[in-house]
Amino acid sequence: MNPNRITLEKLTEANFSQIKRIRREDISEDFVDSADTLMELTLYGSEHHCLGCTYAIKYGRAYIGVLLLGEALAWATDPVEMQGVPFYRLMGFVLDKRCRGNGIGGIVLEMAIADCFRSFGTRPIALGCHRDNQRAADFYLRHGFVPNPAMDGNDRYYLRYPES
């Protein structure tokens with residue numbers, strides 16, 4: 001797959017039906033939120049003027065994934081390091097099952113982070129990864145996220161700090 005064919009668009013009502021067609025039946029909603037939940041979060045963030053974006057990921061003309069990277073609202077389970085500190089929360093990152101395992105995920109992740117930092121400013125990033133989702137945990141470790149002992153239910157927190 002040619003990385004030059006990857007583009008990011010904002011998730012909108014216009015492209016939402018395409019995002020709902022992403023083949024992700026092999027990934028439990030315990031691991032990654034549904035498209036409907038991501039749209040609800042996107043609308044909430046927009047209505048409350050939160051920084052960040054939900055990206056509809058395209059390869060050529062086809063929608064192949066979705067990723068939400070936005071201003072974190074405080075949760076009681078947030079790691080101590082993040083309390084009182086502005087940070088982004090990464091949620092709902094999933095690629096169509098036909099597009100995994102070939103490096104696209106890493107390219108998309110770095111594109112989304114760069115776009116978010118450029119558009120809204122640089123901040124640390126936190127995410128929750130289900131304790132049974134080792135494939136995702138390994139992916140985030142390869143991309144500079146560090147595990148944190150904090151948990152949110154079955155999700156372990158991973159943190160990534162901006163490079164100095």
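Start by selecting α2, residues 35-47. In this predicted model, α2 gives the second largest pocket six lining residues, the largest share from any element.

To find the middle of the second largest pocket, select Leu41, Thr42, Gly45, Ser46 and Cys50. Of the 25 residues in the lining, these lie nearest the centre. The space here comes to about 510 Å³. If you colour the lining by residue class, you will get 14 nonpolar, seven polar and four charged residues.

Next, move to the largest pocket, which holds about 860 Å³ of space. Its lining has 36 residues, and the ones to select for its centre are Val32, Phe93, Asn133, Ala136 and Tyr140, the closest to that point. Colour this lining by class as well: 17 residues are nonpolar, nine are polar and 10 are charged.

Which element gives the largest share of this lining? Select β4, residues 88-95, which contributes seven residues. Then show α3 (104-120), β5 (125-130), α4 (134-142) and β7 (155-160), each of which supplies at least two lining residues, as β4 does.

Are Phe139 and Tyr140 buried or exposed? Both are buried.

Together with Phe139 and Tyr140, they form one aromatic cluster. Across the model, the count of aromatic pairs is four.

The last two stops each put a charged side chain over a ring. Select Arg89 and Trp75 first: the charged end of Arg89 sits over the ring of Trp75, 3.5 Å from the ring's centre. Then select Arg123 and Tyr88. Here Arg123 lies over the face of Tyr88, and the distance to the ring centre is 5.3 Å.

Terms used. Residues numbered from 1 in each chain as written. Predicted model: local features only at pLDDT ≥ 70, side-chain atom pairs only at ≥ 80, totals over all residues. Heavy atoms only, no water. 1 Å grid on protein atoms, 1.4 Å probe; cavity = no way out; pocket = protein on both sides within 12 Å on 5 of 7 lines; lining within 4 Å. Points joined across faces, edges and corners; volume = space filled by probe spheres on them. Helix = DSSP H or I, 4+ residues; strand = E, 2+ residues; numbered from the N terminus. Nonpolar A, V, L, I, M, F, W, Y, C, P; charged D, E, K, R; others polar. Phe/Tyr/Trp six-rings, centres within 6.5 Å; stacked < 30°, edge-to-face > 60°. Buried < 20%, exposed > 50% of the residue type's maximum accessible area, 1.4 Å probe, protein only. Lys NZ or Arg CZ within 6 Å of the ring centre and 35° of its normal.
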